[in-house]
Amino acid sequence: MAWLAAPAIRRAMFSRQRTVPDGYRSFQNLPVQRLAVGAANEQMAVHVAGRLAMGRVPLVCLAGYQRNMADFSDFANNFHRVFGDDWPIILIDLKGRGRSSDRSDKARYLSTIDARDVVQVLAALALDGGIFVGQGYGGQVVMALAAEHPRLVHAAVLLDAGPVSDPRGLVRLRNNLKDLDGSRSEAGFRAMFRRMLAPDYPAATEGLLDVIAARTHYLDKRNRVHTLFDPHLIKKLEAFEHDDILVPQWPLYDALGNAPLLLMRTQLTEQLRRETFEEMLRRRRDAEGYVIEGQGSPALLNTPEDVEPIAGFVRKLLRRRPKAA
């Protein structure tokens, strides 16, 4: 038997194939098709709700850094109550998240490369663009997409997303994710996650906090914690400190200059500083702004009131568009 040195053991752990349990509860109502994108062994999970058709611009939703399409499940249901069940909504798991493949080349976990993957997904679905809704890192992917393919972004909703992330949020995310590693009882797992999430959702019930937790982590039968994302994403956060000063990438934000824009921020977020949000609004006087009270990141979008700003934004866009022949 060959023994592995400690560094080799760590590499083996991070290269182990990540799996999602069959019938996993967070994805039960989100069936996907898996599209080959990029490297031959890599696929992206895509959920299409509604009907793709001429004259109906789809909403394309991208979740936060380590998160997945489950964050948009309530949003899709609430949006369909307003626009009808057949309005197309596309939920995409970026690589390394949810049910998409992990990247074989870890250096390619970059917003610019994720944006190019989204271009391939749109092409596979025979779409010439959409209205993009990006939370956190997903919004940065939308900006990167607009920089390279501005015509694909017919309009954009940025939620807790901007040209720079708040390092305090990155450090907190990294520390929380590391604290969850290892084995623990189901009760201990729930208690720890509830304690981590409670500051972001002070009005949420314990049941709702458990639902949010299950979107990124689960326990196996041996009470080992597993992630629904590539653990390498945690390693990419190791360099950040609370007092880091990150340089805003305003040219990326400016790439959305020709796209109608809705800017949203959760009141308790640690991902997007209020002053950055205000500067984004100042630079785009035509953009609409909205703050979701009493929540942090990711926004839950689980009430008609919190979805209405996006629904109203889409209504205005539709009034501007010429009707299809």
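The accessible surface of the protein amounts to about 15800 Å², and carbon and sulfur atoms hold 51% of that area; accessible areas follow the Shrake-Rupley method with a 1.4 Å probe, and for residues only the protein chains shown count as cover. The structure is a predicted model, in which local features need pLDDT of at least 70 and side-chain atom pairs count only at pLDDT 80 or more, whereas totals for chains, interfaces and linings use all residues. Residues are numbered from 1 along each chain as its sequence is written, and side-chain values use heavy atoms, with hydrogens and water left out.

Of the 325 residues of the protein, 51% count as buried (buried, under 20% relative accessible area; exposed, over 50%; partly exposed, in between; 1.4 Å probe, protein chains only). The mean pLDDT, the predictor's confidence in each residue on a scale from 0 to 100, is 90, and 91% of the residues reach 70 or more. Over residues 1-15 the pLDDT is below 50, and this stretch has 6 contacts in the model beyond near neighbours in sequence (contact, heavy atoms within 4.5 Å).

The protein contains 11 helices and 10 strands, defined as DSSP runs numbered from the N terminus (helices, H or I, at least four residues; strands, E, at least two). The radius of gyration, taken over C-alpha atoms, is compared with a globule rule of 2.2 Å times the number of residues to the power 0.38. The value of 19 Å is close to the 20 Å given by this rule for 325 residues, so the protein is as compact as a globular protein of that length. The C-alpha trace spans about 70 × 40 × 35 Å along its principal axes.

An open sheet of mixed pairing is formed by 8 strands in the order β1-β2-β4-β3-β5-β6-β9-β10, two strands being paired if DSSP finds at least two bridges between them. Strands β1 (33-36) and β10 (288-292) form the edges, each pairing on one side only. From one strand to the next, the twist averages 25 degrees; axes are lines fitted to C-alpha atoms, for helices over the stretch in contact, and angles run from 0 to 180 degrees between N-to-C directions. Helix α10 (residues 274-283) packs on the sheet, where it touches β6 (153-159), β9 (261-266) and β10, and its direction makes about 165 degrees with that of β9. Strands β3 (residues 59-62) and β4 (residues 89-92) run parallel and are joined by 4 bridges; Val 60 has Ile 90 of β4 as its bridge partner.
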